[in-house]
Structures are given as structure tokens and as C-alpha cells.
Amino acid sequence: MDLLFASIIKDFKGAVNHHKHAFRYFTLATVDEEQTPRLRTVVLREVDELLSMTVYTDRRSEKMNHIEDNKSVSMLFFDKSRLLQITVKATAKRITNDRELHDIWEKIPPKSRKDYTTESSPGQEIKNPDEVDYMDREHFFTAIRLIPEEIEYLRLKRPNHIRVRFKKKNENWKGTYLVP
């Protein structure tokens, strides 16, 4: 089981460093004000030593409102070549430290910064894609830290599929095999 957990860590860290890694883009689920699950694809930007993950977003996005109301989120990672699925239950927290946000912003390539400088909020209706206006000096960039509490590993393979749930207690992870 320790080897499986080590492989999860390796995959998450690999996704940050390798743009073609299967886990680089993953599905993040929040719950909206009507208690409806909402899904979107996000990019894994950072993983720290405690397995906290960071994603970037526009602070005006709907997901930020969802997280303000309910910090519980789920994440889905899938590697179709290995038939490997990792699900994560986590707590989402917006990074509010101005210095930390500034340091992250400075590392973002200028062409990518444009994504956080639209005059209108994400999700607002427009007549065509050429109507999006951008600001020169202001941005709405923010980052979200996703702090995992439970990780589930499912590998489909023969002769036996492997399913393990890891739960965090006091910064330590304990695994339990599950029926696939």
C-alpha cells in the first residue's frame, strides 16, 4: 500500500512538471447555491509536501462563489492509458496572502496573464468571441489551495482490479483496500 501511495504522490508532482501528464488537467467539482454539483476542468499548478494542490482562476468565477459557500470539493484524475482513476475529497481555500499571490502572478507568462484580465466576468454572455475586452493594468487573478482529506485509488487491471482509500489523520495517511 505504501508503494501505491508513493505512486500517487509521484503522479501528482509529475503532472505539475510535465505538460502532457494525464493528471495535469483534472475535473474539479463544487456545489452551487442550489446544491447542484458543478464540474469544470482545471490545471494542476503546484503540489506541496503535504499534497496540497494549487489551481489558478479568475476571482470573479462561479467556482469562487461556490467555494465561499461550501469549501468541500472533489477532484477526479484519470489516466486512460493505465486505466487509473484517482478521486480526492478536499477542502478548498482561496490564497489570500498578497505577497504569495504576487509571487505566483510574476511567474505566469505574459500571454497567459491575459486570461485573468477580461473586463467582463467569466460566464457572462457575449455575441461572439471577438467581443471580449481586456484591461491593461488590472487583473482578477487568484489561486485556490486544495487540501486533500481522502484519496481513492482505482486501477483496472487483470487478474484483479485494485482499489484503495487513503484517509488523512493528523498529517498521516492510512490506506484500506476496498472491493473494486
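These legends describe a predicted model of one protein chain, first whole and then in close-up. Residues are numbered from 1 along each chain as its sequence is written. Local features need pLDDT of at least 70, side-chain atom pairs count only at pLDDT 80 or more, and totals for chains, interfaces and linings use all residues, while side-chain values use heavy atoms, with hydrogens and water left out.

View 1. Helices (H or I, at least four residues) and strands (E, at least two) are DSSP runs, numbered from the N terminus. Along the sequence their pattern reads α-β-β-β-β-α-β-β-α-α-β-β-β. The C-alpha trace spans about 55 × 35 × 30 Å along its principal axes. Of the 180 residues, 39% count as buried. Buried means under 20% relative accessible area, exposed over 50%, and partly exposed in between (1.4 Å probe, protein chains only). Contact means heavy atoms within 4.5 Å. Among contacts with a separation of 6 or more, 57% join residues 24 or more positions apart.

**View 2. Tyr56 sits in strand S4 (residues 53-58).** Val42 is 14 residues away from Tyr56 in sequence. In space, the two C-alpha atoms are 8.0 Å apart. Leave out residues up to four places away in sequence, and Tyr56 touches Arg45, Ile104, Ile108, Tyr116, Phe141, Thr142 and Ala143.

**View 3. Thr117 lies in the loop between H4 and S7.** Thr117 is buried, and its relative accessible area is 8%. Its side chain reaches the backbone oxygen of Lys114 at 2.9 Å. This is a polar contact: a pair of N or O atoms within 3.5 Å; within protein, one must be able to donate a hydrogen and the other to accept it, and residues adjacent in sequence count only if both atoms are side-chain atoms. Beyond its neighbours within four places in sequence, Thr117 is in contact with Asp133, Tyr134, Met135, Glu138 and His139.

**View 4. Thr118 lies in the loop between helix H4 (110-113) and strand S7 (141-155).** Thr118 is buried, with a relative accessible area of 13%. The side chain of Thr118 comes to 2.7 Å from the backbone oxygen of Ser120. Setting aside neighbours within four places in sequence, the residues in contact with Thr118 are Asp58, Arg60, Val132, Asp133, Tyr134, Met135 and Phe140.
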